[in-house]
Structure formats: structure tokens, C-alpha cells
Amino acid sequence: PVPLWASARERGDYETTWRTAFLARTDAGQSAVSLLDIPAFLPVSARVDMGKKLTVGDALSARIVVRNRTSSAKSMTLDVAGEGSLAIDPKQNRVLSVDVPANAVRSVFARFLTKSEGKGKISVTLRAPGTDGDRSTMETDVEPAGEPRVIATSAWISGKSGLRVELPAGY
């Protein structure tokens, strides 16, 4: 007899991919391992695109790519939320609607604000009639804001010349 174990886990790729690992052992103690990636495409899905790193005080419009892989058009509803260091803009609707034709892709945008340093996450829950829907999240780092710097250049002046420099208030 050869026992066989299989395990699966979700890899946060573009769409869900399950990596299944197979481990086989003989009674004599010999073993073999094999990995298999199995892509899983949902009938309808949503994916969030935004920057890899943001700065405190940034305002951004995150692109939400909505896919319909069914043979009929779907009216989809998206519940959008910001967590951690990202907040949804107060002027932004938290519920978005989009009509997606059969076997097509559409994009919608939602506005977010960075409020503090740390990890920020955007979550999208998609609902469509006749489907199980989808839930997608994207996490990014929010870094501290930079500090203002005065940058100066200099030049050598020979001979007799006058120089006048206007400085901002406080200098």
C-alpha cells in the first residue's frame, strides 16, 4: 500500500490558484513529492489595482477590474471598504454598480485617502444574480510623508557684481 496525502492552499495571485502537494511513501520508506498548480477562475470576479507604496496624505483612485466569464450579461454590485491606514473618501459611494456584458471586463474606480503610517487594505465584495460572487482584497504599505527641503545651487562670480536673493518668510 502507498499512502497519499494532498494539501491545498490559496496563493494570492491574479485569480485564485491552488497549489496541491502530493507526497507518496512506500512501505520501505522511499518517498516522492510532486506539486501541481491548479488555476481556479470564478464565473464573476473583482480585482483591485493600486500603488505598491503610498505616502501619508495621498489621495488615490483605485481601479477595480470586474470580470464576467458567464454566457449572459450581469448587473453587479460592489461593496468597497478601506481598512487600516486607508480610508474610503467621504465623498465616495461605498456601493458601486456596474453592468458587464457576457465574457467581458469592465473597470470602475473608487477614491481612497491615506490617513496614517502602516498597512492599508482595500476590500471589495462583489454580488451578482445567479452567482456566488467574489471577495477581493489588496494590501499596501503607507509610508511617512517626506519633509520640505530647501535646495540651493551656487556659482562663482568674479569681478564687480550685485546679487539680490528673495527669501521666503521665516528665513
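Accessible areas here come from the Shrake-Rupley method with a 1.4 Å probe, and for residues only the protein chains shown count as cover.

**View 1. The whole chain and its surface.** Welcome to a predicted model, in which local features need pLDDT of at least 70, side-chain atom pairs count only at pLDDT 80 or more, and totals for chains, interfaces and linings use all residues. Residues are numbered from 1 along each chain as its sequence is written, and side-chain values use heavy atoms, leaving out hydrogens and water. The chain has an accessible surface of about 11,700 Å², and carbon and sulfur atoms hold 52% of that surface. Of its 171 residues, 27% are buried (under 20% relative accessible area; exposed is over 50%, partly exposed in between; 1.4 Å probe, protein chains only).

View 2. You will find 12 strands and zero helices here (DSSP runs numbered from the N terminus: strands are E, at least two residues; helices are H or I, at least four). Among contacts (heavy atoms within 4.5 Å) with a separation of 6 or more, 58% join residues 24 or more positions apart.

**View 3. Asn 68 and its surroundings.** Asn 68 sits in strand β6, which spans residues 59–68. Asn 68 counts as buried because its relative accessibility is 1%. Leaving aside residues up to four places away in sequence, Asn 68 touches several others, including Pro 43, Val 44, Met 76 and Val 100.

**View 4. Polar partners of the Asn 68 side chain.** The Asn 68 side chain makes a polar contact with the side chain of Thr 70 at 2.6 Å (N or O atoms within 3.5 Å; within protein, one must be able to donate a hydrogen and the other to accept it, and residues adjacent in sequence count only if both atoms are side-chain atoms). A polar atom of the Asn 68 side chain also lies 2.9 Å from the backbone oxygen of Ser 72.
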